[in-house]
Amino acid sequence: MWSVGCTLYELYTGKILFPGKTNNHMLKLAMDLKGKMPNKMIRKGVFKDQHFDQNLNFMYIEVDKVTEREKVTVMSTINPTKDLLADLIGCQRLPEDQRKKVHQLKDLLDQILMLDPAKRISINQALQHAFIQEKI
């Protein structure tokens with residue numbers, strides 16, 4: 001389902017949802033959209049020690065633009081900063097019926113892109129979502 005959500009976003013916007021260059025960067029981008037990964041999921045991660053410290057804080061690895069050295073920023077909290085609706089609408093002036101459809105798409109994407117797979121919408125639920133079922 002996660003891949004379906006990424007693909008829907010990319011088909012609609014023409015942009016890659018998570019254009020990360022490394023696994024660490026991809027995790028950061030996902031958390032910028034949905035907030036910090038649930039601790040339960042982090043604990044189960046096979047490669048958690050590469051990305052999270054013993055307190056389950058995210059260790060964001062980036063290259064310093066000035067020194068060109070790798071630096072690690074420990075992030076104990078990550079609040080969502082990416083606005084999915086703004087990405088979908090952009091600067092378009094949409095008629096009300098199309099605007100409603102974009103809001104439905106955003107709602108569907110929010111349910112598909114839940115970080116915890118157990119809380120993610122199922123395929124059958126997604127097929128019954130208003131974005132899929134309602135005509136413009």
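Buried here means under 20% relative accessible area, exposed means over 50%, and partly exposed covers the values in between. The legends below describe a predicted model.

View 1. C91, at 78% relative accessible area, is exposed. A disulfide is a covalent bond between the sulfur atoms of two cysteines.

**View 2. Overall fold of the protein chain, with eight helices and two strands.** Read along the sequence, the elements follow the pattern α-α-α-α-β-β-α-α-α-α. The C-alpha trace spans about 50 × 35 × 20 Å along its principal axes. The protein chain has 136 residues, and buried residues make up 33% of them.

**View 3. The aromatic pair of W2 and F18, with ring centres 5.7 Å apart.** The count for the structure comes to three aromatic pairs. In the pair of W2 and F18 the ring planes stand at 10°, so the pair is stacked. W2 lies in helix α1 (residues 2-13), while F18 lies in the loop between α1 and α2 (23-34). The pair therefore ties together parts that are 16 residues apart in sequence. W2 is partly exposed, with 22% relative accessibility. F18 has 8% relative accessibility and counts as buried.

**View 4. The aromatic cluster of F52, F58 and Y60.** The ring centres of F52 and F58 are 5.4 Å apart, and their planes stand at 55°, so this pair is tilted. Both F52 and F58 are buried. Y60 belongs to the cluster with these two residues. The charged end of K28 sits over the ring of Y60, at 5.4 Å from the ring centre.

**View 5. The salt bridge between D116 and K40.** Six salt bridges are found in a search of the whole structure. In the bridge between D116 and K40, the closest N and O atoms are 3.2 Å apart. D116 lies in the loop between α6 and α7, and K40 in helix α3 (residues 39-44). D116 is buried at 8% relative accessible area. K40 is partly exposed, with 44% relative accessibility.

**View 6. The salt bridge between K100 and E134.** The closest N and O atoms of this pair are 3.3 Å apart. K100 lies in helix α6, and E134 in the segment after α8 (130-133). These residues are 34 residues apart, and the pair links distant parts of the chain. K100 has a relative accessible area of 46% and is partly exposed. E134 also counts as partly exposed, at 35% relative accessibility.

**View 7. The salt bridge between K106 and D110 within helix α6.** The side chains of K106 and D110 meet at 2.5 Å, N to O. Both residues lie in helix α6, four residues apart, which is about one turn of the helix. K106 is partly exposed, with a relative accessible area of 24%. Salt bridges that share partners join K106 and D110 with K34 into one network.

**View 8. The nonpolar surface patch made by I123, L127 and I132.** The area of the patch is about 280 Å². I123 is found in helix α7, which covers residues 123-127. At 56% relative accessibility, I123 is exposed.

**View 9. The position of A118 in the loop between α6 (96-112) and α7.** A118 has 67% relative accessibility and counts as exposed. Along the chain, A118 and E96 are 22 residues apart. The C-alpha atoms of these two residues are separated by 34 Å.

Conventions:
Residues numbered from 1 in each chain as written. Predicted model: local features only at pLDDT ≥ 70, side-chain atom pairs only at ≥ 80, totals over all residues. Heavy atoms only, no water. Phe/Tyr/Trp six-rings, centres within 6.5 Å; stacked < 30°, edge-to-face > 60°. Buried < 20%, exposed > 50% of the residue type's maximum accessible area, 1.4 Å probe, protein only. Lys NZ or Arg CZ within 6 Å of the ring centre and 35° of its normal. Patch = residues over 30% accessible without salt bridge, like charges linked within 9 Å, V, L, I, M, F, W, Y side chains within 5 Å. Areas by Shrake-Rupley, 256 points an atom, 1.4 Å probe, with all protein chains shown as cover. Salt bridge = Lys/Arg side-chain N within 4 Å of Asp/Glu carboxyl O.
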